[in-house]
Amino acid sequence: MYDKWESSNYFAPNGNGQSYCVLIPPPNITGTLHMGHAFNQTLMDTLIRYQRMQGKRTLWQMGTDHAGIATQMIVERHLAEENTTRQQLGREKFTQRVWQWREESGGTITQQIRRMGSSLDWSRNRFTMDEDYAEAVITVFERLYDEGLIYKGQRLVNWDPQLGTAISDLEVENHEESGHMWYFDYPLLDGLKTKDGANHLTVATTRPETMLGDSAVAVHPDDPRYAHLVGGFVNLPLVDRKIPIIADAYVELELGTGCVKITPAHDFNDNQVGQRHNLDQINIFNLDASINENAPSAYRDLSREQARKRIVADLDALGLLAQVKDHKLMVPRGDRSGAIIEPLLTDQWFVKIAPLAGPAIKAVENGDIEFIPKQYENVYFSWMRDIQDWCISRQQWWGHQIPAFYDEQDNVYVAADETAVRKKYKLADDVVLRQESDVLETWFSSALWPFATLGWPKQTPELEQFLPSSTLITGHDIIFFWVARMIMMTLHFTDKIPFKTIYIHGLVRDADGKKMSKTKGNGLDPLDFIDGIDLDSLLEKRKANLTQPKMATRIEKATKKEFPQGIPSYGTDAMRFTFCALATTGRDVRFDLNRIDGYRNFCNKLWNATKFVLMNTENSTITATPIRSVVDEWILSKLHRLINDANFALETYRFDMFANAIYEFAWHQYCDWYLEFAKPRLWDEDLGEEEKAGTRQTLLEVLEALLRIAHPVIPFISETLWQQVTPRLSGSHDTIMTQSYPIAEDYPLAIKAEAQVDWLKGVITGIRTIRGEANIKPSLEIEIYLQGGTPTDRAREADAHIMLKRLANAHNITWLAESDEPPPNALALVGDLKVMVPLAGLIDIGVEKIRLQKEIDRASADHQRIDKKLSNESFVAKAPAEVVAKERDKLSDLQGRMTALTQQLEKLSSL
RNA sequence: AGGCGCGUAGCUCAGUUGGUUAGAGCGCUGCCUUGACAUGGCAGAGGUCACCAGUUCGAAUCUGGUCGUGCCUACCA
């Protein structure tokens, strides 16, 4: 079915409607579909299918990003298996290998996305390393450089020593880990002594190895304990370096010893202190975080871990280790490698971000761009207003190589390629140029997504039509990574906003509310819900990527408990429906197996309801002029409301309400009641053909509309069923997905019919309750008496007689005059109408009395509550008149009810 | 430490601008193989809306505080 949709080009923009465009967060080529994607995809596809059916000219363009670091890691791992390295291969051959890998394995996720039913325009598929996309990236770089918004500089950056590249601060994850706090004594020089008479200052650190790069000890300017020492010196042990004691307000008086070692080359805060005091920046690390030649020879070439041990031991030996304490600290780790990040001085390229951030902040402030839910705007503002220059260079090979060229004097020239550089800078042919070897970080290219996918820098018709896009649907985890950067770049280069609305959905978590992760083994594969998976395969899968093998048994236990039978096959639609139903306003979405179970059943229900409708409308080409009955009018009226609710839900991005409205209508109105009403009508021999035709027509019309309403969320089932249903109405059509969305006005609201059916349901439910409580077998036909009530009750009963009989399973319904004495009975009240089931040996009088008493108690409690409310003078005086009137009505209803029930109880008691 | 959010039925969650009998799904109890569906039908039980105070005629809803919990940002050298 999906193939047919795709090959029929139904996914491409069509018609002349208003443009509607959704940007896909480009999945990366190393990825496989996880629950987060599946959730995100479901919401986007629901929205785009809905808008397409609303007649919009929709574009949901497919594309992937090249995932610089992740992809390079994978290919390097392959090379390692072949006992080679990228260095041995050389840059060009390595890049070829990456492309080769991408051809072979980079398409996994695109196939998986198809399984989700996503109606993406595949014909416009883009990849961030495509030639024309790369052109956009290079153009952007060059322009920003020429505008002075990109610069190169030696600055302290987050360095991943394992990957050998800088990463942005967003790519660093800080988590609490346990470690130690070491206290070192630095001997005072020149005979200085502290107030306590000590001849040393004590500093503390969580990273002892950095002491090799210390270039000062700082105290607070107002600290009386150390004021006399400022300007003096201490000797840096092991290194034997004379370093100054400085005063800086960065030091907190209360904290620790009040003395802080300053390592400008290896700590962001120290670096600023260093700049204020003109301190030396002593870099003690090589790029792999081993100790370099700036340190004493004893420590050279040691890894940072070895160096730490050695230094602590050596200081201890010298009697300078004052103390060691256990300490919890936040450890920065690279989000890809998991390695501890080291602040390191290196040459990097930066985007000067403030000029770009200004307009981007304004666009949200003035409402051009809107976040839903709105509170995310604060998250956005707080980050944007304190934004740091963006380090965009990566010491990698896979990615967009920075279009900067150096001559032999290291002068920098920026243009698309060497030829362009020579032309632009009027360089002689004999000037030797070499290109910058760094590449741009992947997010730099993703930031151009809204316009680069549409052909920019060329002015294409698509750019005209689909920029700005309408809605961006994404998780809050990439607001900074991607969303904010797209806003900045798009505004800067096109003077347009990238999108009008940003809908931020929750993040999918496991049943315990934990983040799903392959390395923790608590992840779930959406395809396993679609296709099902047996327990053994699931166990194997979840244990495959564990970083800590110790966890295997725990994962096994948890998995066996949660999925004792593995996972049954639920199908795409059930999963999509579940995701919609879970898309509430919260920040987390816990994926609950019970929910998908229920929604699978819902799909089954639709299937069976359709089967019923088809069976009962077979060979019945509607010849007679259909006459609609009150139940027909009622279900059409309910359908009218459903359409309004569905529209409202999707317009306000309440996918949960959308799903719930469909579920409630389909199951609890259409199936539970309307189909049951229809049965006696279709099967009653006395009912006229026109009326039966009316019911058949309504069965089909409502089902057909329901399928269209539900199509955006359950595309496959709705298409399948719709193909069978429409021929009964007006001949067949190609596909449901290009049909127009139902319009509420086509199905008239019928307030009177609704009231009448509410009454009918009330009578039936009253009788069923009696049957249920008295344990009367459903198969047993009973006698029903009616008494009291209004002429409306009588009219309604006459109208609904056959339905009432069947749904209550009564062989007779008899009206009694007011003066008639009914036989001993069980009583249900519907307004003023008494609905009575004779005890007649079926019902135990004691049971019935208990039931009555319960009813009376309930009514009396309500009565008391409302009576109290109404006897409060200020309530009557200050509350709106209609609220007071409503309470009065309730009170008198309850009064009547209590009277009738009490009389009934007395009657039964006197028997 | 700062910011944001959350705490409603056994579980997962709705509850739009204060006025409902506080809802749904799943689970639970009882009865049912009646001709769409046992992936089902009917009926039922279950909540002092975390706690305290305040505003109001009226608070799950608004305000302040307490406790618990989660996330983000910064950081204790």
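**Backbone features, aromatic pairs and helix packing**

In this predicted model, D410 is found in the loop between strand 17 and strand 18 (412-414). The phi angle of D410 is near 65°, a positive value in a residue other than glycine. That deserves a moment's attention, because most residues other than glycine have a negative phi. D410 has a relative accessible area of 45% and is therefore classed as partly exposed.

A second case of this kind is Y653, whose phi is near 60°, again positive in a residue that is not glycine. Y653 belongs to the loop between helix 22 (630-651) and helix 23 (655-683). With a relative accessible area of 10%, Y653 counts as buried, whereas D410 is partly exposed.

The bond from I372 to P373 is cis, and its omega is near -5°. P373 itself is placed in the loop between strand 14 (370-372) and helix 11 (376-384). A cis bond also leads from L467 to P468, with omega near -5°. Here the proline lies in the loop between helix 15 (461-466) and strand 21 (469-475).

Attention now turns to the aromatic rings. Across the whole structure, a search returns 36 aromatic pairs. One of them joins W99 and W398, whose ring centres are 5.4 Å apart; the planes stand at 85°, so this pair is edge-to-face. W99 is contributed by helix 5 (residues 91-105) and W398 by the loop between strand 16 (393-394) and strand 17 (404-406), so the pair ties together parts separated by 299 residues in sequence. W99 is partly exposed, at 29% relative accessible area, while W398, at 1%, is buried.

The pair of F141 and W349 is edge-to-face as well, because the ring planes meet at 65°, with the centres 5.6 Å apart. F141 lies in helix 7 (residues 131-146) and W349 in strand 13 (residues 342-351), so this pair links parts that are 208 residues apart along the sequence. Both F141 and W349 are buried. Elsewhere among the aromatic residues, ring pairs connect F39, F529, Y570, F579 and F591 into a cluster.

Two helix pairs illustrate how helices pack in the model. Such packing is described by the angle between the two axes and the distance between them. Helix 28 (residues 845-871) and helix 30 (residues 881-909) pack at an angle of about 155°, their axes being 9 Å apart. Angles over 145 degrees count as roughly antiparallel, so helix 28 and helix 30 are roughly antiparallel to each other. The crossing of helix 28 with helix 30 is left-handed. Sorted by class, the residues of this contact comprise 13 nonpolar, seven polar and ten charged ones.

Helix 24 (residues 689-710) and helix 25 (residues 715-730) have axes that come within 9 Å and cross at roughly 145°. Helix 24, too, passes its partner, helix 25, in a left-handed crossing. On the helix 24 side the contact involves Q697, L700, E701, L703, E704, L707 and R708, which meet S718, L721, W722, V725, T726, R728 and L729 of helix 25. By class, seven of these residues are nonpolar, three polar and four charged.

Several individual positions complete the picture. R86 is located in helix 4 (residues 86-89) and, at a relative accessible area of 10%, is buried. Apart from neighbours within four places in sequence, R86 is in contact with Q72, E76, L79, F94 and W397.

A198 occupies the loop between strand 6 (172-187) and strand 7 (200-205). Its relative accessibility of 23% makes A198 partly exposed. Setting aside residues within four places in sequence, the contacts of A198 are L188, L192 and K193. The C-alpha atoms of A198 and L188 are 8.7 Å apart, and the two residues are ten residues apart in sequence.

P296, finally, is part of the loop between helix 8 (268-276) and helix 9 (304-317). Not counting residues up to four places away in sequence, P296 touches L212, L238 and V239.

Terms used:
Residues numbered from 1 in each chain as written. Chains lettered and ligands numbered in written order. Predicted model: local features only at pLDDT ≥ 70, side-chain atom pairs only at ≥ 80, totals over all residues. Heavy atoms only, no water. Axes fitted to C-alpha atoms, helices over the stretch in contact; angles between N-to-C directions. Helix = DSSP H or I, 4+ residues; strand = E, 2+ residues; numbered from the N terminus. Parallel < 35°, antiparallel > 145°, perpendicular 65-115°, else oblique. Left-handed = near helix turned anticlockwise from the far one by under 90°. Nonpolar A, V, L, I, M, F, W, Y, C, P; charged D, E, K, R; others polar. Buried < 20%, exposed > 50% of the residue type's maximum accessible area, 1.4 Å probe, protein only. Contact = heavy atoms within 4.5 Å. Phe/Tyr/Trp six-rings, centres within 6.5 Å; stacked < 30°, edge-to-face > 60°.
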